[in-house]
Amino acid sequence: MESQGKQSVPSAQSLSPFNLLQCVLLASLFFMPGMARNILLCNFSALQFKDKAFLNVTTECLPHQSCSTSRGLRGSEHMVSAQGCVASTRCGTFQLVSYRGVTYNASYTCCCRERCNQPPSPDTRLRRLLGLTREPTPSPLDACPTPATL
């Protein structure tokens, strides 16, 4: 029976400067994919009734897109919500959307930091009437570049 020798992993001292640089670059691409490729990562959830829990799913935006949390209103009542990436030109606008045969007036609130589009918290009529539910105040760090600077 042959004896098996131990295989050793090369240390940073035994790697050439070129190989060490390759390892560092490869590790940075693996651990920081969004930053290394200049891609915005956002929370994603398809349009659904606001009382349903949002799943913890991440999506990559295309260039000229921003993270968005959308709220669909039926009259003045918040009924449906969604999260994801939208064209930056859609930010701050409203659009009629249809979900399960009902039309809602959807608003698009955008931000431009990693996973900055937190899901809207479910609110109830009583909590709103009591003033216990408020819209989150956007941070200046969430501000997106204007279309003129894109």
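The side chain of His78 gets to within 3.3 Å of the backbone oxygen of Val80, a polar contact in the sense of a pair of N or O atoms within 3.5 Å, where, within protein, one must be able to donate a hydrogen and the other to accept it, and residues adjacent in sequence count only if both atoms are side-chain atoms. A polar contact also joins the side chain of His78 to the side chain of Arg71, at 3.4 Å. His78 is found in strand β4, which covers residues 77-87; strands (E, at least two residues) and helices (H or I, at least four) are DSSP runs, numbered from the N terminus. With a relative accessible area of 1%, His78 is buried, the cut-offs being under 20% for buried, over 50% for exposed and anything in between for partly exposed (1.4 Å probe, protein chains only).

All of this comes from a predicted model, in which local features need pLDDT of at least 70 and side-chain atom pairs count only at pLDDT 80 or more, while totals for chains, interfaces and linings use all residues. Residues are numbered from 1 along each chain as its sequence is written, and side-chain values use heavy atoms, with hydrogens and water left out.

As for confidence, pLDDT is the predictor's own score for each residue, from 0 to 100. The protein chain has a mean pLDDT of 75, and 55% of its residues reach 70 or more. Strand β6 (residues 102-111) comes out highest, at 96, whereas helix α2 (residues 33-36) is lowest, at a mean of 47. Where pLDDT is low, the predicted coordinates should not be read in detail.

Overall, the protein chain holds three helices and six strands, running α-α-β-β-β-β-β-β-α along the sequence. Of its 150 residues, 27% are buried. The accessible surface of the protein chain is about 11,100 Å², and carbon and sulfur atoms supply 60% of that; these areas come from the Shrake-Rupley method with a 1.4 Å probe, and for residues only the protein chains shown count as cover. Taking contact as heavy atoms within 4.5 Å, 61% of the contacts in the protein chain with a separation of 6 or more are between residues 24 or more positions apart.

Next, the rings. A pair of aromatic rings is described by the distance of the centres and the angle of the planes. Rings of Phe, Tyr and Trp (its six-membered ring) pair if their centres lie within 6.5 Å, with planes under 30 degrees apart called stacked, over 60 edge-to-face and the rest tilted. That rule gives one aromatic pair. The pair is edge-to-face because the ring planes of Phe49 and Tyr99 stand at 70°, with the centres 5.2 Å apart. It bridges distant parts of the chain, as Phe49 belongs to strand β1 (residues 41-49) and Tyr99 to strand β5 (residues 94-99), 50 residues apart. Phe49 is partly exposed at 32% relative accessibility, whereas Tyr99 is buried at 14%.

Leu47, also in strand β1, has a relative accessible area of 29% and so is partly exposed. Leu47 and Tyr99 lie 52 residues apart in sequence, yet 7.7 Å apart in space, C-alpha to C-alpha. Neighbours within four places in sequence aside, Leu47 touches Val80, Ser81, Ala82, Val97 and Tyr99.

Ala82 turns up again around Ser68, whose contacts, leaving out residues up to four places away in sequence, also take in Gln83, Gly84, Val86, Tyr108, Thr109, Cys110 and Asn117. Ser68 sits in strand β3 (residues 65-74) and is buried, at 1% relative accessibility. Tyr108 has a charge over its ring as well: Arg90 lies over the face of Tyr108, 5.2 Å from the ring centre. A charge qualifies if NZ of Lys or CZ of Arg is within 6 Å of the ring centre and within 35 degrees of the ring normal.

Most residues other than glycine have a negative phi, but Arg100 has a phi near 55° and Arg115 one of about 50°. Arg100 lies in the loop between β5 and β6 and is exposed at 65% relative accessibility. Arg115 is placed in the loop between β6 and α3 (125-129) and, with a relative accessible area of 31%, is partly exposed. Gly75, in the loop between β3 and β4, is exposed at 68%. Between Gly75 and Asn105 there are 30 residues of sequence separation and 8.1 Å in space, C-alpha to C-alpha.
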